[in-house]
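Let's walk through this model together, one part at a time. Keep the viewer open as you read.

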Amino acid sequence: MPNLAALWEYQAAELEKEALEREISSTPARIKFNKLHNYLIEQQNAIRRTQKEIEQKQQALVKLNDETDALLSRVELEHSEFENMKADADCTAEEMTECRESHERLLGELFNIRRTIDELIKWLETALAEYKKTRTNATKAKREYDALKAVCEAEFENSKASLEAAQARVNEQAKAVDPALLERYKRVKRNHNAPVARVENNQCSGCNMSLPVIMIKRVLAGDGIVECDNCGRILYGSEQ
Ligand SMILES: [Zn+2]
């Protein structure tokens, strides 16, 4: 005959322990601490993202500066060529025009690069200011986080004794339950927080499903383990 009364007591001890755990993990300090924890992770990710972006833009800036230098050398070169052409009597008007046009193209390129550089610098200024702000906020949040962490740790320390006592009660009750029955209980526990349900008013008190008379009789007689057909909870006869 399965010792369901012992299992019922075990469940009560376990639910009590779980309620205590929930209470500890849902104090105002703990809730705020968890929220801050998530916020800090978000901020850290944002900081990392911005750092990477800033690095990329800085590299682009270096490249553009190199391109500007190369273009300036070419402008200088073409300028002296142009001066030579002017002094050269054999140089035709077409050649002079061609040289001037090439010169203007180079200046156009330089102008475009200059504009891109200006845009990049503007972007970097904004990003750096934003970055600084994020870091300041994160530092402030971290201070608050550390303070809350200490509060949470103290809270935990205070409830440690009652939590240990609750666990001890669970362990003690477990000794009275047949291991196979406890195994079955744990299986049902995956779907239901309270795997044992009383039979009340001919119903399963877990899901309120009306139970067949024959099933109730079996439960009340302690005839093996009876599970509710509807929810799968282990039925326990309260009139036993
Ligand atoms: Zn049920």
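The paragraphs below go from the domains to the helices and then to the strands.

First, some ground rules: this is a predicted model, in which local features need pLDDT of at least 70 and side-chain atom pairs count only at pLDDT 80 or more, while totals for chains, interfaces and linings use all residues. Residues are numbered from 1 along each chain as its sequence is written.

Start with the overall layout. The chain splits into domain 1 (4-176) and domain 2 (182-237), with bounds that come from an automatic or database domain assignment. Their C-alpha centres are 54 Å apart. Six residues from domain 1 and seven residues from domain 2 make up the contact, where two residues count as touching if their C-beta atoms, placed from the backbone, lie within 7 Å. On the domain 1 side, helix H1 (residues 4-24) gives the most, with five residues. Helices here are DSSP runs of H or I with at least four residues, strands are E runs of at least two, and both are numbered from the N terminus.

Now turn to the helices. Two packed helices are described by the angle between their axes and the distance between the axes. For H1 and helix H3 (residues 93-175), the angle is about 165° and the axes are 8 Å apart; axes are lines fitted to C-alpha atoms over the stretch in contact, and angles run from 0 to 180 degrees between N-to-C directions. H1 and H3 are therefore roughly antiparallel, a label for angles over 145 degrees, with under 35 counting as roughly parallel, 65 to 115 as roughly perpendicular and the rest as oblique. Among the residues making this contact are Tyr-10, Ala-13 and Leu-20 of H1, and Phe-156, Leu-163 and Val-170 of H3.

Helix H2 (residues 28-87) also packs on H3, at an angle of about 165° with axes 6 Å apart. That makes H2 roughly antiparallel to H3.

Finally, look at the strands. Strand S1 (residues 196-200) pairs with strand S3 (residues 234-237) in the parallel sense over four bridges; pairing requires that DSSP finds at least two bridges between the strands. Within this pair, Arg-198 stands opposite Tyr-236 in S3. With strand S2 (residues 203-204), S1 pairs in the antiparallel sense over two bridges, and Val-199 has Cys-204 in S2 as its bridge partner. S1 and S2 form a hairpin with two residues between them, and Asn-201 in the turn has a positive phi of about 50°.
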